[in-house]
Amino acid sequence: MFRVLIIEDDQTLLNELIKQLSQWDYETFGIEDFNFVMERYSEIQPDLIIIDIQLPKYDGFHWCRAIRSRSDVPIIFLSSRDHPMDMVMAMQLGADDYIQKPFHFEVLLAKIQAILRRTYRYSQSTNVDIRIWNQATINFSKGDIHYKDGSVELSKNESSILRILVDQKNQIVSRDELIRALWDDERFISDNTLTVNVNRLRKSLDDIGLGKFIETRVGQGYIAIEEQDK
């Protein structure tokens, strides 16, 4: 179980983060007294730190600098401040990421997962399975996708097709590869079955404005377009 220290003075947000992260088997701690931040850090020895900028006594930059003088533990800044220099300062002090409030918890969770995997090279089958695609958050563990103010639930086949396409975004995935991944043996599946399932996926994505990013390549297969890479 990974230990996460949250240096945040917004008690409502802190409690919500502790609640949410605990559901994903993270052992999560907050700061009760901002006079003893480093003492708390030494006591907990966290695997990852989430820190706000605006804090009592000293700001988050101060504590990031102090922690970096002792450890390379991953640090994520979580702040309502959106000035580019705040982000630059955070990165120059050794932060691993900077997330602006308000934020989607799934995005924070995906970033935590990626940083911990990169830092500690771990693998846990129970971890949440999330992708960010065209600014949409796809939670394959729950089978849903959130984009702007909309969300949609995906069927098992829709989710499986989208996962394969997004994991190979901007690359053509052949129809045979999709059929083998979904039904194991393409000999017993008609070509029309895949077409029907892809069309259903497009219709679901159309409901939140994302259907256009799944394109057909005639005679080749399908491709998930990543907008910023177009």
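The model is a predicted one, in which local features need pLDDT of at least 70 and side-chain atom pairs count only at pLDDT 80 or more, while totals for chains, interfaces and linings use all residues. Residues are numbered from 1 along each chain as its sequence is written, and side-chain values use heavy atoms, with hydrogens and water left out.

I then checked the partner of Glu8, which is Lys101, with the closest N and O atoms of this salt bridge 3.0 Å apart; the term asks for a side-chain nitrogen of Lys or Arg within 4 Å of a carboxyl oxygen of Asp or Glu. The pair is 93 residues apart, with Glu8 in the loop between E1 and helix H1 (11-22) and Lys101 in the loop between strand E5 (97-100) and helix H5 (105-120); helices (H or I, at least four residues) and strands (E, at least two) are DSSP runs, numbered from the N terminus. Lys101 is buried as well, at a relative accessible area of 17%.

I noted that Asp52 also forms a salt bridge with Lys101 (3.3 Å, N to O), and that Asp52 lies in the loop between E3 and H3, 49 residues from Lys101.

I next read off the salt bridge of Lys111 with Asp97, at 3.2 Å between the closest N and O atoms. Lys111 counts as partly exposed at 28% relative accessibility, whereas Asp97 is buried at 16%. Through shared partners, salt bridges join Glu8, Asp52 and Lys101 into one network.

Note on methods: Buried means under 20% relative accessible area, exposed over 50%, partly exposed in between (1.4 Å probe, protein chains only).
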